Amino acid sequence: MLLAAPAGAQTVPEPPDYRGEPYRAPVPATLAGATVLDAAGTAQWQARGAVLIDVLPVVRRPAGLPAGTVWRQSPHESIPGAVWLPDTGYDRLAPQVETAFAAALGRLSGGRPDAPLVFFCKADCWMSWNAAKRAVALGYTAVGWFPGGVEAWQAAGGTLAPARPDDS
């Protein structure tokens, strides 16, 4: 199912390039070259073999914590079966991150530019929009974008599962 904007929803235009901070802000209802999906559509794409790609950043240990300070990374939960490619939704990626992102998409797609890939993170988060736009720019032709992210997934009755960053 395609996502339909609610009546009276704020209209946000697609920017010509990637969107920077603030990343948690209203997003467009469209993404040129991609299919915008709701939770049901995302589940349908996944059932037909699409790779779901979570792009939420990793929460890192805060810089400058005093020696001996206990810090535990919060667990990350995602849509079951999704691949977590953290830190790949920023507007600007370091060259090594951009190279790793392209390589991961090549691996996850089996080298097929028509392989279905669905990008998401949280609701109203530009990071998934940026990552999906980047996949389109890399030549992928079956790109899905799920702007509702994990919140919409749960609201539709979906569960979440612990996720680890993909490092293969």
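Modeller: Within strand E5, Val118 is the bridge partner of Leu52, and this contact belongs to a parallel pairing of E5 with strand E2 (residues 51-54) that runs over four bridges. Helices (H or I, at least four residues) and strands (E, at least two) are DSSP runs numbered from the N terminus, and two strands pair if DSSP finds at least two bridges between them. This is a predicted model, in which local features need pLDDT of at least 70 and side-chain atom pairs count only at pLDDT 80 or more, while totals for chains, interfaces and linings use all residues. Residues are numbered from 1 along each chain as its sequence is written, and side-chain values use heavy atoms, with hydrogens and water left out.

E5 is also joined to strand E6 (residues 143-145), again in the parallel sense, through three bridges, and here Leu117 stands opposite Val143. Both faces of E5 are covered, since Leu117 and Phe119 on one side and Val118 and Phe120 on the other are all buried, where buried means under 20% relative accessible area, exposed over 50% and partly exposed in between (1.4 Å probe, protein chains only).

Rings of Phe, Tyr and Trp (its six-membered ring) pair if their centres lie within 6.5 Å, and planes under 30 degrees apart count as stacked, over 60 as edge-to-face and the rest as tilted. The pair of Phe101 and Phe119 is tilted, with 6.3 Å from centre to centre and 50° between the planes. Phe101 lies in helix H2 (residues 95-108) whereas Phe119 lies in E5 (residues 117-120), so this pair ties together parts that are 18 residues apart in sequence. Phe101, like Phe119, is buried.

Another pair is formed by Trp126 and Trp129, whose ring centres are 5.2 Å apart with the planes at 70°, so it is edge-to-face. These two residues are three apart in helix H3 (residues 126-137), a separation of about one helical turn; Trp126 is buried at 1% relative accessibility, and Trp129 is buried at 0%.

Finally, there is a ring contact that involves a charge: Arg134 lies over the face of Tyr18, at 4.1 Å from the ring centre. For such a contact, NZ of Lys or CZ of Arg must be within 6 Å of the ring centre and within 35 degrees of the ring normal.
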